[in-house]
Amino acid sequence: MAVGLSGFAFGVTSAGSGLTVWQTCALSLLVFTGASQFALVGALAAGGNPLTAAAGAFFLGVRNAFYGLRLSQLLALPRAVRPFAAQWVIDETTAVALAQPTRRAARIGFAVTGLSLYLLWNLTTLLGALGAEAIGDTDAWGLDAAGPAVFLALLAPMLTSTTERAVAGLAVVLGLALLPVLPAGVPVLLAALAAPAVLWVRGRRGGALSEQGRAEAEGDGLSEAPARGGGGDSEAPAPGGDGQPEGER
């Protein structure tokens, strides 16, 4: 149901952005990743440059390549099948496949999920594009927010660490701050800089804490040396009965 509603919303939004029914359907048939499709038509609707809009959609879809690296090992499909299976590497098929206990079950889960969602997504895209004229002003229905809302609903539960929350928060700040001054689509690309920025700060802080901890450890070692040595300048000899260290005896 969620995928069907998103597909219908995409069809309406795409047609309302000025794309034809065939162009809208071609996006769902060939791209088949909702976040990238919404990003593309959203940037075009805002008057953005087509190349910039395509670049933003591309970077949102890069995550599927990382899914593919994991699924290629899990599914171990024949080489002739892999190019066709790659079309179905999305969030849902990856989640279902990884949740299965055996390779056979993972293959079935991937195939059933991919086929059902691909058919449903394209069918609802077509219905949404055809129904856009009947709906009228798509902005009045707020359907342009459906894609981002679904994407945020998928993303929010994944932000479990402080670093991930910091990256998401900084990306939002960058996107909103740059939105009024840069062409549509560009703020999304620049918001991606939040990840290396946060990781750089984290690395700097981690390095500083490591240096501080090392200095404190060395200081503690120096202060405890006399106590370990029995109060003198040299270590106490190992017990051997003659006062000589073990090695010298």
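Let us start with a pair of helices: H1 and H2 are oblique to each other, because angles under 35 degrees count as roughly parallel, over 145 as roughly antiparallel, 65 to 115 as roughly perpendicular and the rest as oblique. The axes of helix H1 (residues 2-16) and helix H2 (residues 21-30) cross at roughly 135° and come within 9 Å. Here, axes are lines fitted to C-alpha atoms, for helices over the stretch in contact, and angles run from 0 to 180 degrees between N-to-C directions. On the H1 side, the contact is made by Phe10, Gly11, Ser14 and Ala15, and on the H2 side by Thr24, Leu27 and Ser28; contact means heavy atoms within 4.5 Å. The crossing of H1 and H2 is right-handed. A crossing is left-handed if the near helix is turned anticlockwise from the far one by less than a right angle, and right-handed if clockwise.

Before going further, a word on what you are looking at. This is a predicted model, in which local features need pLDDT of at least 70 and side-chain atom pairs count only at pLDDT 80 or more, while totals for chains, interfaces and linings use all residues. Residues are numbered from 1 along each chain as its sequence is written, and side-chain values use heavy atoms, with hydrogens and water left out.

Now step back to the whole chain. It has 13 helices and 0 strands, where helices (H or I, at least four residues) and strands (E, at least two) are DSSP runs, numbered from the N terminus. Of its 249 residues, 27% count as buried; buried means under 20% relative accessible area, exposed over 50%, and partly exposed in between (1.4 Å probe, protein chains only). The chain exposes about 15400 Å², and carbon and sulfur atoms supply 68% of that area. Among contacts between residues at least 6 apart in sequence, 65% join residues at least 24 apart.

H5 and H7 have their axes 10 Å apart and pack at an angle of about 30°, so they are roughly parallel to each other. Their crossing is left-handed. H5 brings Arg63, Tyr67, Arg70, Leu71 and Leu74 to the contact, and H7 brings Asp91, Thr94, Ala97 and Leu98.

Since Arg63 lies in helix H5 and Asp91 in helix H7 (residues 91-98), the pair ties together parts that are 28 residues apart in sequence. A salt bridge is a side-chain nitrogen of Lys or Arg within 4 Å of a carboxyl oxygen of Asp or Glu, and by this rule the count comes to 1. Asp91 is partly exposed, at 21% relative accessibility.

Leaving aside residues up to four places away in sequence, Ala76 touches Leu71, Arg103 and Arg107. Ala76 and Arg103 are 27 residues apart along the chain, and their C-alpha atoms are separated by 8.4 Å.

Our last stop is Leu117, found in helix H8 (residues 103-135). Leu117 is buried, with a relative accessible area of 13%. Its contacts, not counting residues up to four places away in sequence, are Val3, Phe32, Ile90 and Glu92. From C-alpha to C-alpha, Leu117 and Gly7 are 9.8 Å apart in space, while 110 residues apart in sequence.

Conventions:
Areas by Shrake-Rupley, 256 points an atom, 1.4 Å probe, with all protein chains shown as cover.
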